[in-house]
2 protein chains.
Amino acid sequence: MSEVLPSWNEGTTKQAIVDFVTRVTDEGGSDFVSPNRRIAVFDNDGTLWCEQPLPVQVYYAFDAAKEKASNDPELASREPFKALLTGDMKGVSAQGMPAIIEIVKETHTGITIKEYEESVQTWLQSARHPTLDRPFSELVYQPMLEVLTYLRANGFLTFIVSGGSVEFMRVFAEETYGIAPPQVIGSTFKTHLETRDGIPVIVIDPEIDLFDDKAAKPAAIAKYIGRQPIACFGNSDGDREMLQWTSRGIGVDAPRLGLIVHHTDAEREFAYDRGHVLSGKLDEAWNEAADYGWVLADMKRDWKTIFPGADAKSKRASQ
Amino acid sequence: MSEVLPSWNEGTTKQAIVDFVTRVTDEGGSDFVSPNRRIAVFDNDGTLWCEQPLPVQVYYAFDAAKEKASNDPELASREPFKALLTGDMKGVSAQGMPAIIEIVKETHTGITIKEYEESVQTWLQSARHPTLDRPFSELVYQPMLEVLTYLRANGFLTFIVSGGSVEFMRVFAEETYGIAPPQVIGSTFKTHLETRDGIPVIVIDPEIDLFDDKAAKPAAIAKYIGRQPIACFGNSDGDREMLQWTSRGIGVDAPRLGLIVHHTDAEREFAYDRGHVLSGKLDEAWNEAADYGWVLADMKRDWKTIFPGADAKSKRASQ
């Protein structure tokens, strides 16, 4: 039998995952859970792939907005697009979250889902991370890919439950994570059906339908999955309620696993937690970890490798 | 090899289903579709189970409202609950759709999803159809159960996309249809997360989030499934846009199958189509059937049996 979770160092973290899976899949045991109730939920940004210095989707929005503004003088004359076009990222940042939301709306809505997905697909083929020397699609965490595979090999259904746009993630989640579109849950805009040249199309409207973060995550799980998760993987306070729901929610009598990816490796990836503001802040969930029995996966200590493939392509090599 | 679709009479309807499945699963053929793109969507009321004289969920709402009003003098003194309690169903009907919506809201919201599901579960164990001599859970269509099984045996993912409440259907869909909760899409109320005695729960709020009918169905498919269906089964104008979307939507280059269950059997079930008002009206979709290539399954002509088990338990025996 081949070793499970080969990119995880031996220790209490790896052991906690293996012990949990062993218990719920032991048909003779009191903790056995039937496969249709083995639901595992994963945050995406910072849990399955890199989210620093900015979440990948924000880079897409910036690039798409620059392209759009360069063909639209009216848009180019307005903030935050004006700062974006001139490369004044400090100027964009100074305009705060409302500016980012405006950029996202301008680039994610008013088009059909198919047009949006094709745009993301094209972008992903060439875009690269600003400091890590890789395409974004290779900034997934090898140890987490192994957790996904390990769980599925043990009968689990694996779902993404993320604050990212559902259509953004669906472009790469199946190929990258083995998670097909129906098992990807994320933030959504409202949409409507139109017929264009006899073809029915779904158009994305500039009104937020669901911002899938914090307390919205358990509600989204209830709505989309309809079943109590028994395993949850997150990395920030945005995942806190989803972790709580997984650990204490009722509906299946079984052990639960809550795991927090703790970004401790400034050399190979990034180190951040309590002090972080824009994304990935880990503060309240960290305080509650012991009480809820959540496992902290320390990236520096627990992970042999961070990204798939050669370590030569890691952060250090690019600097 | 055992015969496929044994409850379907030989003829063009059965042949259309078999031909479609054969084409998209023929690995050497030009119409081959990989299993992860074999998405089939099914309406529920009138397509998978009986919806006459009223949809099953309405009977649940009536019974639950009567029970609630009998313990709540204030509620019992108000219409439509007053008429409902005295058994004055004509009085309830006279108050029209707003009265039914009020009864549904009163019985489906303000409680946790778990409480709601337990209530439905208990009700389904004893409730029986008013004229067909069966529990509601046995009013599923045997030929459609065979279609579900046949499609899944051929690698299809089968989804319900219905105007019924998602939580209502999830109570019985897995056992009855083999369709697990994550593959059940339906109407939803808004919800929120609460903590009660340290337990996180999802409470259903009295505000409609999605009425999953007509043009909302393709949008819901795009949001929940994220992939173009290639087979769609419906029975009424409520399924028209979903059928159109399946037949003409872009995103997968493959043959499509649209099938409409036509209720033509007044003896064994009910006969209704254009003239029907409250639910199951089939008018515009019927007019378009030839243009879109939709197959009409004539229940009287095409189905050997309607319900599972002995025909002795069918409508005639109960009268």
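**View 1. The contact between chain B and chain A draws on 33 residues from chain B and 33 residues from chain A.** Two residues count as being in contact if their C-beta atoms, placed from the backbone, lie within 7 Å. On the side of chain B that touches chain A, the elements giving two or more residues are α7 (113-126), α9 (166-177), β3 (184-196), β4 (199-210), α10 (216-224) and α11 (240-248) of chain B, where helices (H or I, at least four residues) and strands (E, at least two) are DSSP runs numbered from the N terminus. The residues of this side of chain B comprise 18 nonpolar, 9 polar and 6 charged; Ala, Val, Leu, Ile, Met, Phe, Trp, Tyr, Cys and Pro count as nonpolar, Asp, Glu, Lys and Arg as charged, and the others, Gly among them, as polar. The model is predicted, and local features need pLDDT of at least 70, side-chain atom pairs count only at pLDDT 80 or more, and totals for chains, interfaces and linings use all residues. Residues are numbered from 1 along each chain as its sequence is written, while chains are lettered from A and ligands numbered from 1 in the order in which they are written.

**View 2. Chain A is divided into domain 1 (12-52 + 136-318) and domain 2 (56-126).** These bounds come from an automatic or database domain assignment, and the C-alpha centres of the two domains of chain A lie 26 Å apart. Domain 1 of chain A gives 16 residues to the contact and domain 2 of chain A gives 16 residues. On the domain 1 side, β2 (157-165), α9 (166-177) and β4 (199-210) of chain A each supply at least two residues, and the largest share, 6 residues, comes from β4(A). That side of domain 1 of chain A divides into 11 nonpolar, 3 polar and 2 charged residues.

**View 3. Helix α2 (residues 56-70) of chain B and helix α6 (residues 96-108) of chain B have axes that come within 9 Å and cross at roughly 65 degrees.** Axes are lines fitted to C-alpha atoms, for helices over the stretch in contact, and angles run from 0 to 180 degrees between N-to-C directions. The two helices, α2(B) and α6(B), are therefore roughly perpendicular to each other, a term that covers angles of 65 to 115 degrees. From α2(B), B:Val58, B:Ala61, B:Phe62, B:Ala64, B:Ala65 and B:Lys68 meet B:Ile100, B:Ile103, B:Val104, B:Glu106 and B:Thr107 in α6(B). The residues of this contact divide into 8 nonpolar, 1 polar and 2 charged.

**View 4. B:Glu267 lies in the loop between β6 (257-264) and β7 (271-272) of chain B.** B:Glu267 is exposed, because 11 other C-beta atoms lie within 10 Å, and a residue counts as exposed if 12 or fewer do so, with C-beta atoms placed from the backbone.

Terms used: Buried ≥ 20, exposed ≤ 12 C-beta atoms within 10 Å, placed from the backbone. Parallel < 35°, antiparallel > 145°, perpendicular 65-115°, else oblique.
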